[in-house]
Every structure is written in C-alpha cells, then in structure tokens.
Amino acid sequence: MIEPIGNQYVVARPVYSTKAFEEEHKKKHRHHKTLLDHLKKWFRCSAQKAKRIALSLFPIASWLPAYRIKEWLLSDIVSGISTGLVAVLQGLAFALLVTIPPSYGLYAAFFPVIIYFFLGTSRHISVGPFPVLSMMVGAVVVRLTPIADTADPTVTNSSVANDSSLDDHKVMVAATVTILSGIIQLLMGVLQLGFVVIYLSESLISGFTTAAAVHVLVSQLKFILQLTVPAHADPFSIFKVLISIFSQIEKTNIADLVTSLVILLVVFVVKEINQRYKAKLPVPIPIELIMTVIATGVSYGFDFKNRFNVAVVGEMKSGFQTPITPNVQTFRDTIGDCFGIAIVGFAVAFSVASVYSLKYDYPIDGNQELIALGVSNIFGGSFRGFAASTALSRSGVQESTGGKTQVAGLLSAVIVLIVILAIGFLLEPLQKSVLAALALGNLKGMLMQFTEIRRLWRKDKYDCLIWVMTFIFAVVLGLGLGLAASVALQLLTIVFRTQFPKCSTLANVGRSNIYKNRKDYSEMYEPDGVKIFRCPSPIYFANISFFKQKLIDAIGFSPLRILRKRNKALKKIRKLQKKGLLQVTLKGYICTVDGFKDSDEELDNDNIEELDQPINTTDLPFQIDWNADLPFNIMVPKINLHSLILDFSAVSFLDISSMRGLKMILQEFIRIQVDVYIVGTDDDFIEKLARCEFFDDEVKDSIFFLTIHDAVLHILMKKDYSTSKFNPSQEKEAKFDFTINTNGALRNRECQVPSETKF
C-alpha cells in the first residue's frame, strides 16, 4: 500500500526476497519468439504487408499525395534554386578533392538527387558531394593512379593527350569506387544493418570530419598557390604534401594567391553576416554564387589565363557521357576503402537527417536511407560521378531558404541540369583557385569543431579522448586507416569502461530507503557488520577478476585468505584435541601446555585444495568463534562483517566464465560465515543462472532480493531474532561457564546459538 503525505509517501509492504515475491505474485507465462517464429513472420505475405513494403521502399508514395501545393510550392521553388546554385559550385570545387576534372562534379550533384527524391525518407537534406567523402575517394584515386600525378596545374585538361588519358583513368577509378560503395550500402539496407551507425559516436564523427577538413585545407593549397605537388596516399602523406609545398613556396602564383585570399575573406565575412542575422534575412546571401560570377567575369575580361598564367576550369563538355562498366580489379583493390566510404557517407547523412526529422517531427528509416544512398551512388557512379552523401552547408541552405520537401531537391537538380546542358561553358574561365577558396569557405563549421574539445573534457573524458585520437589518427594515417583505427579505439574504450568499472560502496542516506555512494554524502548510515557493494557494469570474463579485487578492497580483506587461515587453524585445533592437549572440564575446555607449534614440514604439506573447502567442525565437541581469541600461537584474522549485499541493478548480463568466478566468490564468503545477498537483478538474470546450474546446497536462490532496502531489513530482522534467542540470565550463564581462561573462542555445543543466527 502506498499512502501519500504531502510531498512524501509511506509504503507498507512485506520485505521481499525475489523468491518470496514470485510466490506471492504469480508471473504470466510468456512465449518467447524463436528464430523460426521470426522467419515465419518475415516470409509471411499479405496485402497489408505488401503495401507497407511498397511504401517503405518508395517513401514518395506516402508524402507526395499529401503535398500542399499552395503552402509549400513557392518555398520549395525558392529553396531549390538557391540549393541548386550552391550544388553547382560545390560539385565543381569538390571534384578537385577527388583529383578529377571539375565538370564531373556536376554529375555527382545531379544523379544522386534524382534517385533520393524517390527513395529517401528525409525531406530536408540535400544529397550530393561531401568534402570528407571526396577526400576519401580522392585518396583511393591517387593510390591507384598508375603514374605520379605531377602534371602542372596550369595546364588545362584537354591540352595534353597524356593528361586526358590520365583523367579518364582517374574518373574510372572514382566511379568504380562509388559504385562499390553504393553496392555495400544497398546490401546493408536490404539486410537491415542500419544500426551499424551507432558504432560511430558523435565524438568520433566530429573528430573525423575536423581531420578531413584539415586534409581538404592542405590539398587545396596547391591550387591556391598554383604549385606542382606530387600526390601521396600513404600514411603521413599530409606531411609530405606540406614539405613539398614549402620547399617550392617561392614559385607561388601571386594572382591565384591574391584571388583566393580575397574570395576567402569575403566569403567568411558574408557567411558570418548570414549566421548572425539569419532571423532577419528572408534568405541567406548567396555569396558563393556572387563571387563565382564576379571571379569568372574578371578572369575572362582581363584574360587571367594568358596574362598571369593562372589555372582555369577549362573545357566544360555539354550533355552527359555514356555510362561506364566498373573495373572488377578495382573492386578487389578497394573493398576496404569502399566499406569506410559507405559507412561514413551513411553516418553523416543519417545524423543530419535525424536533426531535421526531430526539428520538424517526422520519421526517418535508417535502413531505407541506406537503400536510397546505395542506389544513388550506384546510379551516380555509373554516369561518372563520385560518392555522394550530404554537405551540411548545402542542406542548411535548403532548409533555411524554406524547403519543405524533396521537391526542393528535385528543383536543385534541375538547376544543375541546366548548367550541364546549356551554360556550363560560361564557367570555363573560372580559376581553379576560386573553386579551392570556395571549398575552404565551407570548412569553417568543420574546423570550428576544435571548440568541442573543452566541452567534451568537462562532460566525459573518454569522449574527449576519442575526439582527439580520431583527429590524430585521421590526420597522420590518412582518412581510411584513420577511420579504422578510430573505430577500433572507440570499441576499446567501451571494453575499458566495462572492464574497469567504477565500483562503489553504498550507505543509507537519511535513514530512508535511499542508498548512495558513501563518499558523496556526509551523513550516512551503515548497519553494523553489513557492506553494500555496487557494480555499475556487465560482468564478463574480462572483468570478473577486477570485480573481485574491487570487492576485496571495499571490505578490507580477502575471503579466500581468511578461509585458508581458518582451515589451517582448524587443523591445529584438531591436533590439540586429538593429542589430549585440549581437555574438557565441567566449566569448558582448557589447554594443558604452554605452547604448540607445527613442524615446518607439516605446514608445507598443507593441501591448498583442502584449505579452500568449507569449514567443518561437526567432529569437534565444541564450536569455534573465529572472532574471539583462539588458543595461543593460533592466529586468525578477525572480521567484523556478517552480511554482504551486492547491488547488481546495473549488471545487464553475465557470461559463463564470469558465472563460475562469481560462484567461487560467493562460496568463499559463505564458507567464512558471511551471508551474501544479491539485489536489483531482473528475472532473466536469475533464470539464466538456474539454467546454468548455478545454485546448489551452498549458493541458493534465496539470496536474491528485490531492492537493497529489502535485503537490509531482512538482515536487521534476522539479527534481532538471533539476539532474542537468549534471555539475560542465559546470556550471563553462557558467558560464565563457557569462556575459559584465554580460550574464549571454544564454546560447548550443548548450549549455543544456532550458527545461522550468530553475528
């Protein structure tokens, strides 16, 4: 019964052990589904299920019929045009990261958007090139390029036949990598493996994208400075590129450098204005478009290509090229890289989509997102595009300019299509350094994530460690190896957290039913002879030894050591009694010699297995009180603990190896007459122990209680019952008759307190 009294409550109920609770409250029988049941459900067919599958595979069928033309169309048109212009520029800029001609970036900005319009579940993300993925694809392209890419960036793509052949090879590699990444994403979606994104934490993604921004910054320096820099794809490549740049810094093209600095300054200032006054501006100022138009006009009008020898975009072929057949050998060589690209692309897209789905309250499906991105990349790669995900800045433009659905995305693809088919040639005079500057202009948000370190350090040092080490791994080892090392480190930190849990000793706060870490509060109540120990993690083969050591540290002694000491002492007492050195009198037992000592040989012959067995004194005519003084020269450590409570409310599972270790721990305490109670476990935990034959005559299922307070009250009631077994006259008589000389630990069995009630 619960009786509320103001802001307090009074609960009146029995003290429950788990067994007593189940006896009083009968559990319902539940049928646990087997693998066969799940397979039957999976393959069962019905009209309703077919409709649900069709709607899940083509989400457009659920939201397009409900499209509000009058309310949403105008917003989507404005958003689509703005996003399309940004997509064109980012496609051209990010193609430089892949080390392929800029025009191929338009294909990566067009085809994935069309596919995602039909298959995607997010209404706000803009699918297309993403700088991190572009860098990862570019690293693979550089590694698989048959000759070093030492071409002078001042030479256009079509001026030299060898360069044209090299570009074709790079495009083939980039497209093949994109197709394989799409196949991996598609298979993961079909197999319902969308949950894998949970293994990429927010800290890992943040550190990784920041490191990728550093790689992007370094990779664009050769275009900004117009230097001939060999490509590197091995670990420590970033340092090799920097060495190459600084070794020829005197060859910098001043025109490209000045143009880039001006572009960067203007873009950063206007983006800051957009951010600060976003509530007042109807739409963000399209600074990338404005600067592109100005830079293209200035470059064409003043003939920068011939006058200052700057590198320009060059020929922009109109229309689409024929689809390609992927290279199977490239599949074999890049499977590991493609898996990383697939995971990172999905993780970024899903995290951005999740933000908007929460903001606008609509559901997204991780598995369907994998399918949508997979098909998008397969289709885009087949038409010579490169890996697509979503760029944070581009998605921000689509959402902030009023985009309501993927109709805005479709219209942005129309803008890209117009550039591909009709007006792409207008961008031919545009300097590559301008594209590099625009690419760097989108990195501000990624580089600003350095400020995450201080916040993470305050919140969780493990997350801060993951961020820092992910950043270091990705910068030093490269994006592919860096990602693999970062995931391994993250999994290792999870192992460390569970392998070395922060165990604590609990005590009662305010003499209520609340138990907290006794180090955290000043006024704590701890029952005499009772210890409450909490383990906040699963117990498994790797941390059972740590758990035992922490438990020993908390109680101040090793139960196994006490057990062995007592069994050794018991052997000596038996020898004393057998040799007649302990004599029975009417008033008790007295020792007839001044000393007794085993020979060294006898002490060395003690069998460890015998010393670990339960203490058995049934063959003696007296009981031994191990906390009293034993006959001289028999020393056994005294303990002031009679009950131990293990709080397993945070223990989610227990494996077979740790189960054996836990049973040994319980047996050691029980054998030295310390009662052990386990609280807070769920029913499945106890059922698993029963299935594994955990319980026996020593370790019984009656040791489980619902809460810590139930166990404490049970111990106190048990103690009160034991002390009430004697009246004062009996207690006085026992003290006078059975405590003889210095051998007060030996008590006559004819008048004793039952062992289970002694404290």
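Is Lys40 buried, partly exposed or exposed? Lys40 has a relative accessibility of 47%, so this residue counts as partly exposed. Keep in mind that you are looking at a predicted model. Lys40 sits in helix H2, which spans residues 35-43.

**Stop two: salt bridges**

The whole structure holds 18 salt bridges. Start with Lys19 and Asp701, whose closest N and O atoms are 3.7 Å apart. Lys19 belongs to helix H1 (residues 18-24), while Asp701 is in the loop between helix H28 (683-691) and strand E14 (704-705), so this pair ties together parts 682 residues apart in sequence. Lys19 is partly exposed at 38% relative accessible area, and Asp701 is partly exposed at 32%.

Next, select Glu399 and Lys359, a salt bridge with its closest N and O atoms 2.9 Å apart. Glu399 lies in helix H16 (residues 392-400) and Lys359 in helix H14, so parts 40 residues apart in sequence are tied together. Glu399 is buried, with a relative accessible area of 14%, whereas Lys359 counts as exposed at 54%.

While you are at helix H14 (residues 328-360), click on Tyr360, which is also found there. Tyr360 is partly exposed, at 36% relative accessibility. From Tyr360, draw a C-alpha to C-alpha distance to Lys404: the two are 9.6 Å apart in space and 44 residues apart in sequence.

Then move to Lys718 and Asp675, which meet in a salt bridge of 3.1 Å, N to O. This pair links distant parts of the chain, with Lys718 in helix H29 (residues 708-723) and Asp675 in strand E13 (residues 675-679), 43 residues apart. To finish this stop, select Lys27, Asp683 and Glu687, which are linked in a network of salt bridges.

**Stop three: aromatic rings**

There are 27 aromatic pairs in the structure. One of them joins Phe302 and Phe304 in a tilted arrangement, 6.5 Å from centre to centre and with 40° between the planes. Phe302 is partly exposed, at 47% relative accessible area, but Phe304 is buried, at 13%. The rings of Phe496 and Phe500 also form a tilted pair, with centres 6.1 Å apart and planes at 35°.

Methods: Residues numbered from 1 in each chain as written. Predicted model: local features only at pLDDT ≥ 70, side-chain atom pairs only at ≥ 80, totals over all residues. Heavy atoms only, no water. Helix = DSSP H or I, 4+ residues; strand = E, 2+ residues; numbered from the N terminus. Buried < 20%, exposed > 50% of the residue type's maximum accessible area, 1.4 Å probe, protein only. Phe/Tyr/Trp six-rings, centres within 6.5 Å; stacked < 30°, edge-to-face > 60°. Salt bridge = Lys/Arg side-chain N within 4 Å of Asp/Glu carboxyl O.
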